[in-house]
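Please read them alongside the sequence and the structure shown below.

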Amino acid sequence: MEKYERLLEIVKNEDDFEEYLTRKGLAPADAGEVTSEPDYQALYHLSKIRQNVLNWYEFDPAARLLELGAECGALSGLFAERVAEVVAFDSDKDMCAVNRARNIERFNDVEDKAKVTNLYVVSNPEYIAKPERSNPESKSEKNKSDKTADKATKIKSAITKTKNAITRKGSKFDYVTIVGDFTEEKLELAAEYLKTKGQLIIVVDNKFGLKNWTTEAKPDIISKDQIASLAAEKKLKLTATYYPVPDYKFPLEIYSDQNPPKPGSIRTAAPEFEKDKTLLMDEPTAFSEMIECGRFDEYANSYILIFEKKTTRSK
């Protein structure tokens with residue numbers, strides 16, 4: 001838990017994350033000017049600008065959504081506001097603890113609890129289909145104090161009420177999201193739990209994105225074509241592609257094939273916080289040239305990929 005202890009303290013003690021980031025000199029509006037600092041972790045996990053990647057998407061408000069790789073809950077709260085039920089899964093229990101404290105526990109005392117009682121945070125995949133079985137705290141943790149036990153009781157009560165209130169029950173989901181760290185294991189889970197008419201939303205960096213030509217190479221990033229090929233094996237068809245600019249981590253604009261960027265419209269280089277970045281080219285100018293040549297989709301820094309299950313038509 002040591003790695004995320006500081007984040008846990010922030011989400012428990014700070015009422016306004018944006019004000020905290022501004023106070024620490026990490027305001028989202030200035031993200032492109034921030035150099036590599038230890039507080040990048042707070043900026044990445046807590047900045048509201050992270051929600052720009054999907055806050056424009058028209059979700060069905062009566063839907064169930066499975067978030068695979070929820071991390072510390074940067075998008076979990078947004079999803080909980082947009083759909084009827086959210087299961088936020090991450091195998092890292094420490095990240096789940098931050099997510100739970102951020103999006104559930106800190107709202108325990110507010111009058112309007114409806115916006116948070118539809119969110120389950122789980123770290124065990126066996127609880128995805130039936131999240132009401134999940135236990136947010138171990139028995140040893142519950143017994144530390146009466147106060148902790150009371151908090152666990154409140155959470156359990158909220159989960160029970162949510163289970164009874166949701167009308168669209170079942171083990172399948174209308175939406176499954178994979179944001180950031182794409183793996184074949186997550187794709188397996190997505191294919192298993194996605195409804196026949198559901199949508200799989202994958203948000204990922206582009207292996208050949210322009211920002212990767214000016215920083216350390218990332219050979220572990222999978223390409224768009226590879227993702228589409230793996231998805232096709234699961235009978236999932238790519239139906240739409242969107243392009244968050246400058247990238248999916250701190251997006252300022254969203255483009256699509258129907259509404260592509262124009263030469264000169266991209267004016268910001270993708271920020272790099274974790275590694276030193278060598279400016280080998282003027283990225284906005286390079287993008288303008290690529291756009292003019294019709295090659296933007298190949299070198300866009302990130303993708304939002306929408307998949308749907310292939311349907312078999314009877315003859």
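1. T241 has a relative accessibility of 6% and therefore counts as buried, where buried means under 20% relative accessible area, exposed over 50% and partly exposed in between, with a 1.4 Å probe and protein chains only. T241 lies in strand β6, residues 236–245, and, once its neighbours within four places in sequence are set aside, T241 is in contact with K224, S256, D257, Y303, I304 and L305. Contact here means heavy atoms within 4.5 Å.

2. On provenance, this is a predicted model, in which local features need pLDDT of at least 70 and side-chain atom pairs count only at pLDDT 80 or more, while totals for chains, interfaces and linings use all residues. Residues are numbered from 1 along each chain as its sequence is written, and side-chain values use heavy atoms, with hydrogens and water left out.

3. The protein chain has 11 helices and 8 strands, taken as DSSP runs (H or I of at least four residues for helices, E of at least two for strands) and numbered from the N terminus. Of the 315 residues in the protein chain, 50% are buried. Among contacts between residues at least 6 apart in sequence, 67% join residues at least 24 apart.

4. E292 and P261 are 31 residues apart in sequence, with 9.9 Å between their C-alpha atoms.

5. The axes of helix α1 (residues 5–13) and helix α5 (residues 93–103) come within 9 Å and cross at roughly 10°, so the two helices are roughly parallel to each other. Axes are lines fitted to C-alpha atoms over the stretch in contact, with angles from 0 to 180 degrees between N-to-C directions, and angles under 35 degrees count as roughly parallel. The contact is made by L7, L8, V11 and K12 of α1 together with A97, V98, A101 and R102 of α5.

6. The structure holds 1 cavity of 30 Å³ or more, and the largest cavity has a volume of about 60 Å³. A cavity is a set of points, on a 1 Å grid over the protein atoms alone, where a 1.4 Å probe fits but cannot get out, and lining residues have an atom within 4 Å of a point. The lining of the largest cavity consists of R50, E67, G69, A70, E71, A74, L75 and V179.

Notes. Angles under 35 degrees count as roughly parallel, over 145 as roughly antiparallel, 65 to 115 as roughly perpendicular and the rest as oblique. On a 1 Å grid over the protein atoms alone, a cavity is a set of points where a 1.4 Å probe fits but cannot get out, and a pocket is an open set with protein on both sides within 12 Å along at least five of seven lines; lining residues have an atom within 4 Å of a point. Grid points are joined across faces, edges and corners, and a volume is the space filled by probe spheres set on the points.
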